[in-house]
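We will go step by step, with something to look for at each stop.

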Amino acid sequence: MKKKIILYGPPVGLNLKKAYGGGSGGYTRNMQVYLDEFVYDDIQIIPLFHSIDGQFNLSIFTLPFRLLYDFCTIFYNLLKIKPDGIHCLAQYRRAFPREFMLVFLAFIFRIPVLYEVKAGAFMDAYESGGKLYKRGIDFIIKHSKIILVEGKVYIHYIQEKFNKNSYYFPNIVKDSEVKNNINEKLQKDSISILFVGYCYRGKGVFELVKACDLAYKQGVNVELTFIGAEHEDFKKYLDDNKFSFNIKRLGKQNHNVVLQELEKNDVYCYLSDHSGEGHNNTINEAMMMGMIIICTPKGFLENILSNETAYFVRKNIVEETAQTLLQIKENRQEALSKSRKARAYLEANFTSTIAREKLHHYYRELIQ
C-alpha cells in the first residue's frame, strides 16, 4: 500500500480577478508542476488546497472566515486522509497563521512535516517580524522534520538562526516541455521582447516600457509583448500614452500560449524589484526556450544566472536596459551564446527528472 503525503498549497485552475496575478502566480504553477510530475510507485501525493485572496468576498468578515475555513479544512483532511506526512509549500508572511495551524495540528497528530521555503522574502520577513511572528516561525521550523529551500542563501541562515539543516530545492520545468529543437532567436531585423507575469510596478513593467521606448529612439527596432493580468495603474499608463514602437497586451493566458510566446520571442526582460522575488518560474521557461535574458539581480536571480548566461541591469534600469538592447542588436552572436549556455544550465539543474528523484529521497526520509 502506498504511503500518503498531503501537498499543501494554493488551488490550481481558478481564475480570480481579485487575486494576485489573477490567481495564477508562482506558487500555483509550482503546485501544478508537483502534482503532474512527482508520481511515485510507493508514495501517493494528495493535494490539499488553502484559501487565497479573492476566493471569498465577505467584507470585514473575509479574513476571520478564511482562517476558520483553512483550520477546518486542515483538521478535517488530517482526520479523513490520515497522511503519513505533510509537504507544505511555504509562503510564510501573511500565510503564517494557516501554516502555523498546519504544523501545530501535525504536531498534535504526530505527522511529520516537510516545510519548503519558497520565494525570496523569508529572511526579511523574519527579521522585521514581531515577537508573535518570530515565535510562530520558530515553532514551524523546529517541528518540521525536513526543510527545503528555494534559494541557497537560506541554508546558512536557517542553520545560524534555528540550528537546523536545510536543503536546496530549486524551481523546475517539466521534462515534457523541454523541446529538443527550438526556434533560433534574433533571426529578424526587429528584436521581440517578452514579459510574463503580473504586470504591476514591482515587476519593473513601467521601466521596461520606458527602456524599449528609449532603445527604439536609439535605433533598435523593438516589439514588446506583455502576458499577464494588469494592475490598474499599469493598465491606465498604457491606455493613456502613445508609444513609437509596437506593444502587444495579451492579458492572462493559459500555459500553452505562454510557452508559444516564449519560443516565438527573442528576449525575456525581467526588471523585477519585487520584495519577495525568488527563483521565478518564467526565468526557467525563458532559459528552456533559448531566450536571451535581461534581468535585475533581485532575489535569487543572480544565483541562478550569471554574466555567462544573461545580461544584468543594476542601477539606472531604464538606461541600462536600453543600452543592453542596443548591445544585443550590435553583437547578436554574444547574445545567442548566452542563451545557449542558459539552456544547457537549465537542462543540467532545473528539470523534473532531476527534482523527482531528490524529492523522492526527502519523502522517504520524512516518513521513515
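**A walk across the sheet and its helices**

Start by selecting strand β7 (residues 191-196) and strand β10 (residues 267-270): they pair in the parallel sense over two bridges. Keep in mind as you look that this is a predicted model. Now pick Ile193, and you will find Val267 of β10 standing opposite.

Next, widen the view to the open sheet of six strands, where parallel pairing gives the order β9-β8-β7-β10-β11-β12. Which strands stand at the edges? Select β9 (246-251) and β12 (311-312): each has a single partner strand, so one side of each is left without a neighbour in the sheet.

Then show α12, which lies across β7, β8, β10, β11 (292-295) and β12. Relative to β11, α12 runs at about 160°.

For the last stop, keep helix α12 (residues 317-330) and select helix α7 (residues 205-217): their axes come within 8 Å and cross at roughly 50°. α7 and α12 are therefore oblique to each other, and α7 passes α12 in a right-handed crossing. To see the contact, show Glu207, Lys210, Ala211, Cys212, Leu214 and Ala215 of α7, together with Ile317, Val318, Glu319, Thr321, Ala322 and Leu325 of α12. Colour them by class, and this contact has eight nonpolar, one polar and three charged residues.

Technical notes. Residues numbered from 1 in each chain as written. Predicted model: local features only at pLDDT ≥ 70, side-chain atom pairs only at ≥ 80, totals over all residues. Heavy atoms only, no water. Axes fitted to C-alpha atoms, helices over the stretch in contact; angles between N-to-C directions. Helix = DSSP H or I, 4+ residues; strand = E, 2+ residues; numbered from the N terminus. Parallel < 35°, antiparallel > 145°, perpendicular 65-115°, else oblique. Left-handed = near helix turned anticlockwise from the far one by under 90°. Contact = heavy atoms within 4.5 Å. Nonpolar A, V, L, I, M, F, W, Y, C, P; charged D, E, K, R; others polar. Pairing = 2+ DSSP bridges.
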